[in-house]
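Please look through the sequence and the model below before reading on. The paragraphs that follow go from one residue to its partners and then to other parts of the chain.

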Amino acid sequence: MLHGLASSGEIWMPQLPVFQENFQVYRLDFPGHGRSQWEHHYSIQGFSEIVKEFMDYLNIPHAHFIGLSLGCAVALTLAYQHPNRVDSIVMEGPVGGLTPPLNPRSWPKMLLIYTYLLSLLIMWLFL
């Protein structure tokens with residue numbers, strides 16, 4: 001279970017009893033969240049590598065993932081980088097992944113593309 005930004009694995013406490021009936025459940029705290037230490041650099045790719053290292057440490061070859069917000073992006077990145085490690089992903093309020101909108105450097109290009117598409121739609125509707 002992968003939490004969102006500025007939260008921790010504690011957010012999953014209400015769901016634990018149901019999932020623990022059929023699964024071995026782990027709730028991670030990303031660096032700088034919950035009980036973990038603050039790191040100087042955060043990245044979704046870095047968080048996904050931490051999840052992989054956690055799985056390696058516990059000898060978990062593959063797993064199902066539930067992500068909330070940032071946790072969705074981490075699970076998607078893990079699936080992209082190590083597809084054999086991810087059986088499934090349940091996403092609650094997903095926010096991107098390897099590409100926009102999480103990468104601010106891409107925002108000007110996205111704005112240009114969406115403005116162009118909007119103008120095409122307006123022309124199609126009214127002309």
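Leaving aside its neighbours within four places in sequence, which residues is D29 in contact with? In this predicted model, those residues are H3, S8, G9, G34, R35 and S36. D29 itself lies in the loop between α1 (16-20) and α2, and it counts as buried because its relative accessible area is 18%, under the 20% cut-off. Two of these contacts involve backbone nitrogens: the side chain of D29 reaches that of G9 at 2.7 Å, while the backbone nitrogen of R35 lies 3.0 Å from a polar atom of the D29 side chain. D29 also forms a salt bridge with R35, in which the closest N and O atoms are 3.4 Å apart, although R35 counts as exposed, at 63% relative accessibility.

D56 is partly exposed, at 38% relative accessible area, whereas K52 is buried, at 18%. R85 likewise forms a salt bridge with D56, its closest N and O atoms being 2.8 Å apart. This pair links distant parts of the chain, since R85 sits in the loop between α3 (70-81) and β2 (86-92), 29 residues from D56 in helix α2. R85 counts as buried, at 10% relative accessibility, and the shared partners join K52, D56 and R85 into one network.

Together with Y26 and L58, Y57 forms a nonpolar surface patch of about 340 Å² accessible area.

Note on methods
Residues numbered from 1 in each chain as written. Predicted model: local features only at pLDDT ≥ 70, side-chain atom pairs only at ≥ 80, totals over all residues. Heavy atoms only, no water. Patch = residues over 30% accessible without salt bridge, like charges linked within 9 Å, V, L, I, M, F, W, Y side chains within 5 Å. Areas by Shrake-Rupley, 256 points an atom, 1.4 Å probe, with all protein chains shown as cover. Salt bridge = Lys/Arg side-chain N within 4 Å of Asp/Glu carboxyl O. Helix = DSSP H or I, 4+ residues; strand = E, 2+ residues; numbered from the N terminus. Polar contact = N/O pair within 3.5 Å; in protein donor to acceptor, adjacent residues only side chain to side chain. Contact = heavy atoms within 4.5 Å. Buried < 20%, exposed > 50% of the residue type's maximum accessible area, 1.4 Å probe, protein only.
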